[in-house]
Amino acid sequence: MKYYSTNGKAPLADLEKAVVRGLAEDRGLYMPERIPVLPADFYAHIQTLTFQEIACTVADALFGEDVPEQELHRIVEETLSFDCPVVPVTRSIGALELFHGPTLAFKDVGARFMARLLGHFTRASLDRRTVHVLVATSGDTGSAVANGFLGVEGVQVHVLYPKGKVSPIQEAQFTTLGQNITALEVDGCFDDCQALVKSAFMDSSLTERLRLTSANSINVARLLPQCFYYFHGYAQMKRLGLAGQLVVCVPSGNFGNLCAALIAKRMGLPVKRFVAANNANDVFFEYLQTGSYAPRPSIPTLANAMDVGDPSNAARIFDLYGSDWERITADISGATTSDEKIRSTIRECRSRYGYLLDPHGACGFDAVYHKLAPGESVLLCETAHPAKFKDIVESAAGVEVEIPERLAAFMRGRKQSVPMSADYADFKEYLSELQ
Ligand SMILES: *Cc1c(COP(=O)(O)O)cnc(C)c1O
């Protein structure tokens, strides 16, 4: 499979190049040149298959030309060492719980898959040089990436995070790991961290000497495996008799997860329509209403993993539909949810249905609740465990949220981080010592 750039001015890349580079030479995002359609027989029997069996079939179609089958299946099986169950919430809404991975966020699957795929390419490559992964994080991405890459041979991860601006749980998830993970505690804000990473990628004196890559959802190896969820979610809704007119609702920030869902539909998954749920950072919602796309700076909300003012994967979605607003709005509708509504939704869903949402899932629930046509049912992505947002959820729902053992274990580890100023010269000096 070849990958093209959404900016259309870079040469086609093979999977290895797309994964190792992340971004194309023209700063565009890579997309698969063709989206394979899975056979009708697969959909007819999908409800009898396990998550791993489903994901192996999907992975074969997407990556089978580029990775030997046995190796690919091993990567999929290691990535999916946990389930993503559908929990019925109302008679027509099923929550697809994407948060049962090591850091309790849906980003675990993409990060683990990418880490293993990168490990495969490094082992297979002739020069065997270490690949350095740089990630700037405001919390969730850093923990998922650090845990996903932990112990992967040939890969070193450097997590840059703003000092004093991530939650103690999040900080513990990437500062206590050791091994091939280094946390850099930057005296600045998230934008400073991101600027440092960007400067490094544009510094040819570094990129000529070091193999540098990024692990955010611009990387196809993080983006594409997220489509496994939708096939597995569909299979479970089918078992519940709820897949006839299926609506898929995705709480969205950078729109990588929704983009993966749209790709699943192109692969033949029978989805009637999609709902993109936003918090107050709702540029995409506005685009769906007006047809004009106007990025703006993000503002902080209770659903902070969706605080994105200029979603990077919007370019991929426009590309999938040939930038045709009518075709996009025929498939996708949007919604926007205020912080106040997030709180009342968490409370109401808990008291009426006994289901505890996190603030991101609450945006999704609000986007579809009482907004369905007769006969429709919803696969609602619940993207984080409510315990990750313990204070907000407890005060909104008036119940206590137990911290799962997996999360508590991080808090007992020893914090190790490298202090760093927000000045690029310091970061460059740090990188200069790497091999
Ligand atoms: C990252 C994240 C999102 C947004 O996902 P995108 O793919 O960036 O749209 C939503 N919820 C949670 C909990 C997240 O961590």
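Q: Is the crossing of α5 and α6 left-handed or right-handed?
A: The crossing of α5 and α6 is right-handed. Keep in mind that this model is predicted.

Q: What else do I need to describe a pair of packed helices?
A: Two packed helices are described by the angle between their axes and by the distance between those axes. Take helix α5, residues 107-124, and α6: the axes come within 8 Å and cross at roughly 40°. α5 and α6 are therefore oblique to each other.

Q: Which residues make the contact of α5 and α6?
A: From α5 come Lys-107, Asp-108, Ala-111, Arg-112, Met-114, Ala-115, Arg-116 and Leu-118. From α6 come Thr-141, Ala-144, Val-145, Gly-148 and Phe-149. By class, seven are nonpolar, two polar and four charged.

Q: Why do residues three or four places apart point the same way in a helix?
A: An α-helix has 3.6 residues a turn, so residues three or four places apart point the same way. Now look at α6 in this contact: Thr-141, Ala-144, Val-145 and Gly-148 are among its contact residues.

Q: At what angle do α6 and α7 cross?
A: Helix α6 covers residues 140-149, and helix α7 covers residues 168-175. Their axes come within 8 Å and cross at roughly 30°. Angles under 35 degrees count as roughly parallel. That makes α6 roughly parallel to α7. The crossing of α6 and α7 is left-handed.

Q: Which residues of α6 and α7 make that contact?
A: α6 gives Asp-140, Gly-142, Ser-143, Ala-146 and Asn-147. α7 gives Gln-170, Gln-173 and Phe-174. The contact of α6 with α7 has two nonpolar, five polar and one charged residues.

Q: How far apart are the axes of α3 and α11?
A: The axes of helix α3 (residues 51-63) and helix α11 (residues 228-239) are 9 Å apart. The two helices pack at an angle of about 135°. That makes α3 oblique to α11. Their crossing is right-handed.

Q: Which residues of α3 and α11 meet?
A: Phe-51, Ile-54, Ala-55, Val-58 and Ala-59 of α3 meet Phe-228, Tyr-229, Phe-231, His-232 and Ala-235 of α11. This contact has nine nonpolar residues, one polar and no charged ones.

Q: How many residues of helix α17 are buried?
A: Buried means under 20% relative accessible area. Helix α17 runs over residues 359-368, and ten of its ten residues are buried. Among them are Pro-359, Cys-363, Phe-365 and Asp-366. His-370 follows α17 and has a positive phi, near 65°.

Q: What is the relative accessible area of Phe-201?
A: Phe-201 lies in helix α8, residues 190-202. Its relative accessible area is 26%, and Phe-201 is partly exposed.

Q: Which residues is Phe-201 in contact with, leaving aside its neighbours within four places in sequence?
A: Phe-201 is in contact with Leu-134, Thr-207, Leu-212, Thr-213 and Ser-214. Take Leu-134: it is 67 residues from Phe-201 in sequence, yet 9.2 Å away in space, C-alpha to C-alpha.

Q: How many helices and strands does the protein chain have?
A: The protein chain has 20 helices and 14 strands. Its radius of gyration is 21 Å, close to the 22 Å that the globule rule gives for 435 residues, so the chain is as compact as a globular protein of that length. Of the 435 residues, 59% count as buried.

Definitions and conventions. Residues numbered from 1 in each chain as written. Predicted model: local features only at pLDDT ≥ 70, side-chain atom pairs only at ≥ 80, totals over all residues. Heavy atoms only, no water. Buried < 20%, exposed > 50% of the residue type's maximum accessible area, 1.4 Å probe, protein only. Helix = DSSP H or I, 4+ residues; strand = E, 2+ residues; numbered from the N terminus. Axes fitted to C-alpha atoms, helices over the stretch in contact; angles between N-to-C directions. Parallel < 35°, antiparallel > 145°, perpendicular 65-115°, else oblique. Left-handed = near helix turned anticlockwise from the far one by under 90°. Contact = heavy atoms within 4.5 Å. Nonpolar A, V, L, I, M, F, W, Y, C, P; charged D, E, K, R; others polar. Rg over C-alpha atoms; globule rule 2.2 N^0.38 Å.
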